[in-house]
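The sequence and structure are shown first.

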Amino acid sequence: MAAVPLLGALEERLGVVALAVALVVLWRGNPWPRGGKIAATVAAMALLGAVLPDHPRSETAAHPSKDPKPAKTFPVFVPPTPALPSEPTERIRDFLGERLDTAFGRSRKSGFSVTYHDASSQGRAVTARSLWTVCFQRPEPGSAVVKDAVEFGVVRSGEPCPEQDGEAVPWPKMPDVSWKVWPKARAEVVAVAVPERRVRAAAAYRNDVLPTEGQYDDWRVCRQDPAKDAEVHKDAWVTLSLSSPENGCPDSDRGTAVDLPDRDGDGDPDYRDPHPGDPNRDTTFPDGHPHDTEGGSSDGDSDHHGWSPCRHTRWC
């Protein structure tokens with residue numbers, strides 16, 4: 001049994017032969033018990049296996065220079081890949097923000113059929129293409145040309161575009177400028193896209209007059225037209241009715257035909273009349289009104305020249 005691994009280490013075949021001889025001797029005529037024989041057999045085989053060299057898995061792996069016989073192959077059907085259509089090189093031009101007549105003419109020259117509609121919620125008839133502006137277009141600008149038709153959604157020139165095609169025109173809203181001084185109120189109105197030349201100042205009281213421009217910058221707004229939150233259209237004029245800080249604003253329930261106190265009835269409010277109790281004196285004629293009449297005289301005139309020192313001076 002001891003010779004089995006020794007011979008197996010020298011030569012694989014010798015080890016196998018030695019193992020066979022040892023097993024014959026062990027199992028024939030040997031008085032050993034059966035368990036001992038089995039243990040000796042397993043030990044001898046284990047020792048032989050331990051000294052034998054590892055065998056390659058296949059002849060091809062052990063000898064790579066020898067080409068194995070090629071296996072028989074069968075053709076595999078692969079469906080042909082469909083050819084992708086070539087991408088069109090022409091793109092839809094961007095006409096957003098342009099006049100409809102321009103977009104219409106250039107699209108027709110490019111071979112497109114053109115349709116258009118009112119992009120607002122009013123559903124107006126689109127006439128006079130030069131008076132309308134493109135807000136939406138289908139197909140979208142920059143998309144590939146797949147058909148020879150284009151459609152424009154338009155609004156009247158000067159109108160802001162809706163957020164979505166078919167929604168209401170989002171006109172700016174009039175801010176609340178009540179009781180703000182004239183320069184600040186005007187600036188807030190101009191900020192909602194109203195030209196400064198369309199913002200007018202007026203006197204809040206019927207018998208009051210604005211001073212020279214620049215001298216009423218401390219006057220405050222009593223009324224505004226349009227009212228707060230009203231839509232301010234592109235051609236709208238805004239009127240801000242002002243009052244001197246010392247007078248305040250007229251009561252809103254009295255309407256717009258409200259007068260400041262005028263005790264002498266000369267048309268000048270008392271707050272700027274140097275002689276509020278004398279109907280013959282005002283800011284224009286502090287010494288009284290001359291009453292020139294045809295023929296060089298006036299009833300009651302002592303000098304017969306249209307003006308009486310007795311009637312028109314404080315000494316009479």
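## Salt bridges and their setting

Arginine 206 counts as exposed, at 56% relative accessibility. Here buried means under 20% relative accessible area, exposed over 50%, and partly exposed in between (1.4 Å probe, protein chains only). The model is predicted, so local features need pLDDT of at least 70 and side-chain atom pairs count only at pLDDT 80 or more, while totals for chains, interfaces and linings use all residues. Residues are numbered from 1 along each chain as its sequence is written, and side-chain values use heavy atoms, with hydrogens and water left out.

The side chain of arginine 206 meets that of aspartate 259 in a salt bridge, with N to O at 3.0 Å. A salt bridge is defined as a side-chain nitrogen of Lys or Arg within 4 Å of a carboxyl oxygen of Asp or Glu. The pair links distant parts of the chain: arginine 206 belongs to the loop between β4 (199–203) and β5, and aspartate 259 to the segment after β6, 53 residues apart. Aspartate 259 is partly exposed, at 35% relative accessibility.

Salt bridges that share partners also join Asp118, Arg124 and Glu159 into one network. Within it, the side chains of arginine 124 and glutamate 159 form a salt bridge of 3.0 Å, N to O. Arginine 124 sits in the loop between β1 (113–118) and β2, whereas glutamate 159 sits in the loop between β3 (149–156) and α6, 35 residues apart. Arginine 124 is partly exposed, with a relative accessible area of 23%, and glutamate 159 is buried, with 15%.

A further salt bridge connects lysine 173 and glutamate 231, whose closest N and O atoms are 3.9 Å apart. This pair too links distant parts of the chain, 58 residues apart: lysine 173 is in the loop between β3 and α6, and glutamate 231 is in the loop between β5 (220–225) and β6. Both partners are partly exposed, lysine 173 at 44% relative accessibility and glutamate 231 at 41%.

| Pair | N to O distance |
|---|---|
| Arginine 206 and aspartate 259 | 3.0 Å |
| Arginine 124 and glutamate 159 | 3.0 Å |
| Lysine 173 and glutamate 231 | 3.9 Å |

## Overall architecture

The chain has six helices and six strands, which follow the pattern α-α-α-α-α-β-β-β-α-β-β-β along the sequence. Helices (H or I, at least four residues) and strands (E, at least two) are DSSP runs, numbered from the N terminus. Of the 316 residues, 28% count as buried. Contacts (heavy atoms within 4.5 Å) between residues 24 or more positions apart account for 56% of those with a separation of 6 or more. The accessible surface comes to about 20,700 Å², of which 55% belongs to carbon and sulfur atoms; areas come from the Shrake-Rupley method with a 1.4 Å probe, and for residues only the protein chains shown count as cover.

## Nonpolar cores

A nonpolar core is a set of buried Ala, Val, Leu, Ile, Met, Phe, Trp, Tyr and Cys residues joined through side-chain atoms within 4.5 Å. The largest has 16 residues, and those with the most contacts inside it are Val189, Val194, Leu240 and Leu242. Helix α6 (182–190) and strand β6 (238–243) are the elements that give two or more residues to this core. Apart from it lies another core, of 14 residues, including Ile92, Phe112, Val126 and Trp132. Beyond its neighbours up to four places away in sequence, leucine 242 touches residues including Trp182, Leu210, Tyr216 and Trp219.

## Two buried polar residues

Glutamine 137, in strand β2 (residues 132–138), is buried, with a relative accessible area of 6%. A polar atom of the glutamine 137 side chain lies 2.8 Å from the backbone oxygen of arginine 93, and a polar atom of that side chain lies 2.9 Å from the backbone nitrogen of phenylalanine 95.

Asparagine 207, in the loop between β4 and β5, is buried as well, with a relative accessible area of 14%. A polar atom of the asparagine 207 side chain lies 2.8 Å from the backbone nitrogen of leucine 260. Leaving aside neighbours within four places in sequence, asparagine 207 is also in contact with residues including Val258, Asp259 and Arg272.

Technical notes:
Polar contact = N/O pair within 3.5 Å; in protein donor to acceptor, adjacent residues only side chain to side chain.
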